[in-house]
Amino acid sequence: MVQLGFDNTYARALAGLYEPVQPAGFRAPELLTFNSALFVALGLPAVVEARAAEIFSGNLVPGDAQPLAMAYAGHQFGGFSPLLGDGRALLLGEVVDPRGERWDIHLKGSGRTVFSRGGDGLAPMGPVLREYLVSEAMYHLGVPTTRVLATVKTGETVYRDRPLPGAVLARVARSHLRVGTFELCASRGDVDGLRRLVAYALERHGPALADGDNPAMALLDAVAERQSRLVAAWMSLGFVHGVMNTDNFTISGETLDYGPCAFIDRYDPDAVFSSIDHGGRYAYSNQPGIAQWNLARFAETLLALIDDDTDRAIERAQGALERFAATYRERRLARLRDKLGLTGEAQGDPSLTDDLLAYMRATRRDFTGTFRALAESLRAGTPAFDDADFRAWEARWKARLGADDPRDAAARMDRVNPLYIPRNHQVERVLAAAVEGDMAPFREMMAVLEHPFDAQEGAEAYAEPAPDDAGRYVTFCGT
Ligand code: AMP
Ligand code: MG
């Protein structure tokens, strides 16, 4: 019997918040990608690598696994769905790595569950590889994120608008707890269940806070803190998550759900990629506000635990939301300062940074490329752009940099401004090849994205924005 060393706290502690499930299993599982670095970091037994295709397709369920579909609710595009749950995913089990950190190992695309409703429980190979590529890129960019340990082609066909090869991915996360988990508990009016859930969440994410006099408040503050860090990271890299529903909004502060996400090329605060986001609810520049909205939904679930007096509970929760906004603003500014090589703080920094963004918007500059061009301009001693507006802004920037050695500032900038991000047109190119059976372009691109800040020979094309005639990039949910 294969054992992975699972220790399944979710299954033990949170009865009522899941349904046991058996993976469907597939005809001819074949390993597509295996994340060796993550495998080593997790300290998993060698059998995991040797039998990855069987284990991560769900064909071979380890003896100590307790596969379960998590139950959760969620606000989707603002509307409340009282019961969502893992409709095509399952938690296989939890492992503790050699540093003592606990991780969920989760399969996505593993077949139907009681939460599947009309869905088939499956995932096509393209979106599975897309999640691998983009989440790994995010990890190497330093963004808190779920990761992918392996992807397995199932050998079976998935039917969308056309027949597609099916695949399963093995996702690793600090946990899959989300605001939607709390919303489910709260909508059942289950205060004891909520108390257990809060204790469980604190145990997994911030055990030091569990013994305080108000665990629910401590949890709310901790999640607000983590989400302010996360969204500031997204914004500083031009990342658009695309489906910030509360069922995709994590307690751990990790990026979860790589369905419709994309990186912006030209700087456009209104950028939207998702095919279904007609109102632009999850547009690039709306993300901080939506994070706060999601935190408000989270806070609502906790009110009864925060204070017996509802008015006082609301007041305290409101304080946490305000702290989120303030912390986000600070982090945003700090990241923009870093992106411009600025040390210390000066009063004019907010207008200096915002004026650059306004310039980039007006001139439709490539977001990622501009910051690298600015560093390059410091080294070369020639302006990044030649127009009068830029030259006026540049004079202010240089004055703010002061006597600092420009090469030092440029080096600092290159450590935070990536040269390579998963450019949408490149992502589509390598996925199309992979689905046709050629994994080489995918592997080449993944290798480049593992070192996003370092110029690599032969990788020039990965630093280029989409060609002008590329058209609008469209992404999809629930693919
Ligand atoms: P997502 O857009 O991936 O966050 O999914 C939203 C909800 O739809 C979740 O409850 C998913 O489990 C469910 N879902 C998405 N795709 C499928 C599918 N192919 N089969 C069953 N459930 C699905
Ligand atoms: Mg989801």
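1. Which of the 18 residues around ligand 1 come nearest? They are Gly85, Gly87, Asp120, Gly121 and Asp257, a residue being near when one of its heavy atoms lies within 4 Å.

2. This is a predicted model, in which local features need pLDDT of at least 70 and side-chain atom pairs count only at pLDDT 80 or more, while totals for chains, interfaces and linings use all residues. Residues are numbered from 1 along each chain as its sequence is written, chains are lettered from A and ligands numbered from 1 in the order in which they are written, and side-chain values use heavy atoms, without hydrogens and water.

3. At Arg88, a polar side-chain atom lies 3.3 Å from a nitrogen atom of the ligand. Taken alone, ligand 1 exposes 490 Å², of which the protein buries 84% (Shrake-Rupley method, 1.4 Å probe).

4. The shell around ligand 1 comprises 3 nonpolar, 8 polar and 7 charged residues; Gly is counted among the polar ones.

5. The domain assignment, which is automatic or from a database, gives domain 1 (9-176), domain 2 (180-337) and domain 3 (343-479). Because domain 1 and domain 2 both give residues to the shell around ligand 1, the ligand lies between them.

Methods: Polar contact = N/O pair within 3.5 Å; in protein donor to acceptor, adjacent residues only side chain to side chain.
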